[in-house]
Amino acid sequence: MSDPADPGPDDAAEPAETSGPAEDAGPAEDGKRPRRRWQRVLTEAAGIAVVAALLAFLVRTYAFESFSIPSSSMEPTLGIGDRIEVQKAFFSWHDLHEGDIVVFGHPPRDDCPGPPGDLVKRVIALPGQTIYSAGDSVYVNGRPLAEPYLPQDDPLGPPIASPQHPYRVPPGDFYVLGDYRSNSCDSRYWGPVKGSTIVGKVVLLWWHDGDPDFHLF
């Protein structure tokens, strides 16, 4: 009799152990992975920078734009070197009101000395309204114009038409003045400005007298 301990003819030999998963890549492959990771990070960062620059350009061109005040004609509301934000998106000159501060291109008849570039003034009379001055007071459609934004002592300087012959603002035009009336070259010198030349409306003062100063208009 055969020994039970001896393997019989029906006993199959145990299969050889199959090899496990492939071992990790060697040092050469390990070196490529960090490089690929950094390349992906740099590509994403470059893409974000391009998108941010494009958005900034679109916002500046079509939504809002910052301007620096070059002269004293709007003092004390806006002084030299002050920074303002001008609304350009969804802006229509048809929606302007008396007292709004606007930025516009140089009128054709502007021969006043001063820095080049766009101008900033306050809307005083709208299309179709009449305007004149008496003393230091301004009258629109025969009524004195309330101007709480002016200091108490703010002489008008050059007059505006007369009570006997008020000036009527043409359709599509706006009569604008600087807040520093006696030192402002405005519609008294070169006439009203066309609504189509108005770049936008001032909505925020964020730098005043050399310091941050947030004031909404």
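Trainee: Why is strand β4 (residues 119-125) said to be largely enclosed by the rest of the structure?

Mentor: Seven of its seven residues are buried, so the strand is largely enclosed. Buried means under 20% relative accessible area, exposed over 50%, and partly exposed in between, with a 1.4 Å probe and protein chains only. The model is predicted: local features need pLDDT of at least 70 and side-chain atom pairs count only at pLDDT 80 or more, while totals for chains, interfaces and linings use all residues. Residues are numbered from 1 along each chain as its sequence is written, and side-chain values use heavy atoms, with hydrogens and water left out.

Trainee: How do you know that β4 is paired with strand β3 (residues 101-104)?

Mentor: Strands are DSSP runs of E with at least two residues, as helices are runs of H or I with at least four, numbered from the N terminus. Two strands pair if DSSP finds at least two bridges between them. Strands β3 and β4 have four bridges and run antiparallel, so they meet that condition. Within this pair, isoleucine 101 stands opposite arginine 122 of β4.

Trainee: What makes β4 and strand β9 (residues 173-177) a pair as well?

Mentor: Three bridges join them, again in the antiparallel sense. Valine 123 has valine 176 in β9 as its bridge partner.

Trainee: Why are β7 (143-144) and β8 (167-168) called edge strands?

Mentor: They belong to an open sheet of four strands in the order β7-β6-β5-β8, with antiparallel pairing. Each of the two edge strands pairs on one side only. Inside that order, β5 (residues 130-134) and β6 (residues 137-140) are joined by four bridges, and alanine 134 has serine 137 in β6 as its bridge partner.

Trainee: Is serine 73 buried or exposed?

Mentor: Serine 73 has a relative accessible area of 7%, so it is buried. It is placed in the loop between β1 (64-68) and β2 (83-87).

Trainee: What makes the approach of serine 73 to lysine 121 a polar contact?

Mentor: The term asks for a pair of N or O atoms within 3.5 Å; within protein, one must be able to donate a hydrogen and the other to accept it, and residues adjacent in sequence count only if both atoms are side-chain atoms. The side chains of serine 73 and lysine 121 are joined at 3.0 Å.

Trainee: Which residues does methionine 74 contact, beyond its neighbours within four places in sequence?

Mentor: Contact means heavy atoms within 4.5 Å. For methionine 74 the list includes Ile101, Arg122 and Leu177. Its relative accessible area is 0%, so methionine 74 is buried. The C-alpha atoms of methionine 74 and arginine 122 are 8.3 Å apart in space, although 48 residues separate the two in sequence.

Trainee: Which residues lie nearest the centre of the largest pocket?

Mentor: On a 1 Å grid over the protein atoms alone, a pocket is an open set of points with protein on both sides within 12 Å along at least five of seven lines, whereas in a cavity a 1.4 Å probe fits but cannot get out; lining residues have an atom within 4 Å of a point. Of the 19 lining residues, Ser71, Pro113, Leu119, Lys121 and Cys185 lie nearest the centre. Strand β4 gives the most to this lining, with three residues.
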